Amino acid sequence: MQIAVVTGGANGMGRAYSIGLARAGFRVIAADIDEAALATLAVEARGENLAIEPMVMNVVNEADVNSGMQNILNRHNQIDVLVNNAGGAVANCRLAEMSLEQWQAHMTLNLTSQFLCIRAVLPSMSRRQRGSIINIASTSVSSGTTAALYVSDRPANLVAYVAAKGAVVAMTRTLARELGSDGIRVNAVSPGFTPTERVRATIAPEAITRMVDDQAFKRPQQPNDTVGAVVFLASPASRFMTGQNLSVDGGGSMGL
Ligand SMILES: NC(=O)c1ccc[n+]([C@@H]2O[C@H](COP(=O)([O-])OP(=O)(O)OC[C@H]3O[C@@H](n4cnc5c(N)ncnc54)[C@H](O)[C@@H]3O)[C@@H](O)[C@H]2O)c1
């Protein structure tokens with residue numbers, strides 16, 4: 001059975017990736033800091049007979065990432081797929097008011113975490129000359145977010161977040177070149193605006209309605225909508241694809 005690691009795999013879209021990959025036949029390690037959500041996911045997985053193992057791992061902590069990935073390798077001998085999904089906006093403030101700590105926190109959670117996880121799985125993937133790395137970015141990289149975010153009296157100011165996600169796309173392309181001769185594929189998936197529980201708590205309801213209006217498909221994106229792209233990039237169906245950035249957004253951005 002192939003082994004897939006999904007970071008931030010206990011909630012939101014990561015949870016959907018964990019379940020989707022397990023349904024596609026992978027043994028999934030859902031790595032997250034939310035222990036309660038991991039426990040709930042484990043119970044649900046057992047109910048559906050899905051091979052999902054919960055793992056507490058903080059992706060911004062180097063020692064935690066190294067020991068967590070080593071633990072997986074000790075138990076399963078291999079990691080075939082890494083989905084770098086953990087991420088998100090850390091603070092909502094305009095650039096002029098942003099502290100250096102807030103800026104760095106965005107970079108650490110959204111970019112450095114992916115570097116740490118990739119570096120920890122590379123020796124094993126290189127040795128086996130195979131592996132698929134899927135970095136979660138965002139369509140906001142090409143669209144610069146959307147005007148809808150600024151319509152209300154609660155605008156979402158996402159400059160640091162989008163800058164970090166842009167770096168994820170750039171890293172994906174460069175790393176694909178670096179790892180091609182090792183047989184390792186590196187691709188990105190960019191979800192469009194997806195009002196998960198966390199997102200709904202931070203964005204004005206009228207902004208959500210306006211964003212849906214901008215899409216070709218007039219309904220809110222759901223976590224499950226992005227699962228197909230992740231499963232595809234994890235599977236041999238995408239074996240000659242690397243360095244790509246797949247947007248899944250109901251036609252909201254139609255960007256690069
Ligand atoms: N929701 C959107 O509109 C949207 C759009 C584009 C891209 N994305 C990206 O998709 C990914 C998932 O987004 P979501 O909305 O499902 O997020 P979410 O907040 O619903 O879930 C994120 C998960 O990551 C976990 N997590 C957070 N920090 C962690 C850490 N340090 N170590 C390990 N786990 C950690 C959380 O516990 C949670 O389970 C993120 O990278 C996000 O930036 C989201």
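Which residue stands opposite Val-186 in β6?

1. The residue in question is Ile-133. This is a predicted model, in which local features need pLDDT of at least 70 and side-chain atom pairs count only at pLDDT 80 or more, whereas totals for chains, interfaces and linings use all residues. Residues are numbered from 1 along each chain as its sequence is written, and side-chain values use heavy atoms, with hydrogens and water left out.

2. Strand β5 (residues 131-136) runs parallel to β6 and is joined to it by six bridges, where strands are DSSP runs (E, at least two residues) numbered from the N terminus and two of them pair if DSSP finds at least two bridges between them. Strand β7 (residues 245-248) also pairs with β6 in the parallel sense, over four bridges, and Ser-247 in β7 is the bridge partner of Ser-190.

3. Strand β6 (residues 184-191) is largely enclosed by the rest of the structure, because eight of its eight residues are buried, that is, under 20% relative accessible area (1.4 Å probe, protein chains only). Ile-184, Val-186, Ala-188 and Ser-190 cover one face, and Arg-185, Asn-187, Val-189 and Pro-191 lie on the other, all of them buried.

4. A polar side-chain atom of Arg-198 lies 2.4 Å from an oxygen atom of the ligand, while a polar backbone atom of Asn-85 is 2.7 Å from a ligand oxygen atom.

Definitions and conventions. A polar contact is a pair of N or O atoms within 3.5 Å; within protein, one must be able to donate a hydrogen and the other to accept it, and residues adjacent in sequence count only if both atoms are side-chain atoms. Buried means under 20% relative accessible area, exposed over 50%, partly exposed in between (1.4 Å probe, protein chains only).
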